[in-house]
Amino acid sequence: MKFHHIGHASRNLETSAQVLTSLGYTAESPIIVDSLLEVRLQFWVGTESPRIELLEPIAGAGPLAPILRSRAGAYHYAFIFDSQDVAEKWTQASRMRPISSPMPAVAFPEHTVQFMGWPDGSLFEVIVNGGISS
Amino acid sequence: MSSCEDRLRAVFVVIFQVEAEKVHHMTMDSYPEWDSLRHIELVSEIEDRFGIELSNREVASLQSFTALRNRVCGESSQ
């Protein structure tokens with residue numbers, strides 16, 4: 001398991017990008033349209049700073065929209081796992097519960113993503129290398 | 001000594017910051033603040049306080065105070 005990024009909910013991706021730029025961040029990816037999660041997203045990296053994924057809901061819809069009704073900002077932590085089996089064992093041991101089923105990761109070819117809930121009510125993204133097991 | 005239902009109601013009061021009198025009719029559908037993440041926070045707190053373990057399938061299906069009360073306290077608590 002390895003840290004990958006912090007997800008940052010944004011009402012306007014370009015506005016949030018300006019803030020990251022002022023903090024010394026640079027874009028690591030182009031803006032990606034993820035129709036499964038109904039978001040536009042972009043990864044940003046900074047020197048000695050954690051990778052940040054900016055996410056903006058498309059047309060104000062999808063699972064990110066209700067989160068943004070509370071507030072913008074950091075709302076999930078993403079870690080990458082070598083296999084689904086490893087991810088399941090670790091999340092079960094950590095008392096995480098699935099919020100979604102594993103789905104193809106639009107931003108990461110050959111990977112899946114699954115959202116889990118922590119016992120404290122926060123959100124965790126599981127990225128698994130290797131795709132969905134049959 | 002408080003009843004099982006009273007103890008469960010107290011968990012709802014802490015998690016949702018609601019008055020105890022309003023808990024009885026709460027469901028995920030009728031209470032917008034009861035979203036999927038808050039649901040996991042709720043069932044985790046219930047597991048801790050009652051010393052029980054709920055399966056993912058149960059967590060997905062127990063979406064009202066009444067359903068959780070029946071599972072945690074037993075059907076006889078109705």
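User: Which residue of chain B forms a salt bridge with A:R95, and how far apart are the closest N and O atoms?

Analyst: In this predicted model, A:R95 forms a salt bridge with B:D48. Their closest N and O atoms are 3.0 Å apart.

User: How many salt bridges are there between chain A and chain B?

Analyst: The count between the two chains is 3 salt bridges. For polar contact, the count between chain A and chain B is 6 residue pairs, both residues being at pLDDT 80 or more.

User: Which strands of chain A supply residues to the side that touches chain B?

Analyst: β7 (97–98) and β9 (111–117) of chain A each supply at least two residues of that side. By type, the residues on the side of chain A that touches chain B divide into 6 nonpolar, 3 polar and 3 charged.

User: How is the size of an interface given?

Analyst: Between chain A and chain B, the buried area is about 940 Å². Carbon and sulfur atoms give 52% of that area. The contact takes 12 residues from chain A and 11 residues from chain B.

User: Now to β9(A). Where do the side chains of a regular strand point?

Analyst: In a regular strand they alternate between the two faces of the sheet. For β9(A), one side carries A:H111, A:V113, A:F115 and A:G117, and the other carries A:T112, A:Q114 and A:M116. The residues on both sides are all buried, so both faces are covered and the strand is largely enclosed by the rest of the structure.

User: Which strands are joined to β9(A) by bridges?

Analyst: Among them is β7(A), which runs antiparallel to β9(A) and is joined to it by 2 bridges. In this pairing, A:P98 stands opposite A:M116. Strand β8 (residues 103–104) of chain A also runs antiparallel to β9(A), again with 2 bridges. Here A:M103 stands opposite A:V113. Strand β10 (residues 123–129) of chain A is antiparallel to β9(A) as well, and 7 bridges join the two. A:V113 has A:I127 as its bridge partner in β10(A).

User: What is found between the strands in the hairpins of β9(A)?

Analyst: The hairpin of β8(A) and β9(A) has 6 residues between the strands, and A:E110 takes a positive phi near 70°. The hairpin of β9(A) and β10(A) has 5 residues between them. In its turn, A:G121 has a positive phi of about 90°.

Conventions: Residues are numbered from 1 along each chain as its sequence is written. Chains are lettered from A and ligands numbered from 1 in the order in which they are written. Side-chain values use heavy atoms; hydrogens and water are left out. Contact means heavy atoms within 4.5 Å. Buried area is the accessible area (1.4 Å probe) that two parts lose on being put together, summed over both. A salt bridge is a side-chain nitrogen of Lys or Arg within 4 Å of a carboxyl oxygen of Asp or Glu. A polar contact is a pair of N or O atoms within 3.5 Å; within protein, one must be able to donate a hydrogen and the other to accept it, and residues adjacent in sequence count only if both atoms are side-chain atoms. Helices (H or I, at least four residues) and strands (E, at least two) are DSSP runs, numbered from the N terminus. Ala, Val, Leu, Ile, Met, Phe, Trp, Tyr, Cys and Pro count as nonpolar, Asp, Glu, Lys and Arg as charged, and the others, Gly among them, as polar. Buried means under 20% relative accessible area, exposed over 50%, partly exposed in between (1.4 Å probe, protein chains only). Two strands pair if DSSP finds at least two bridges between them.
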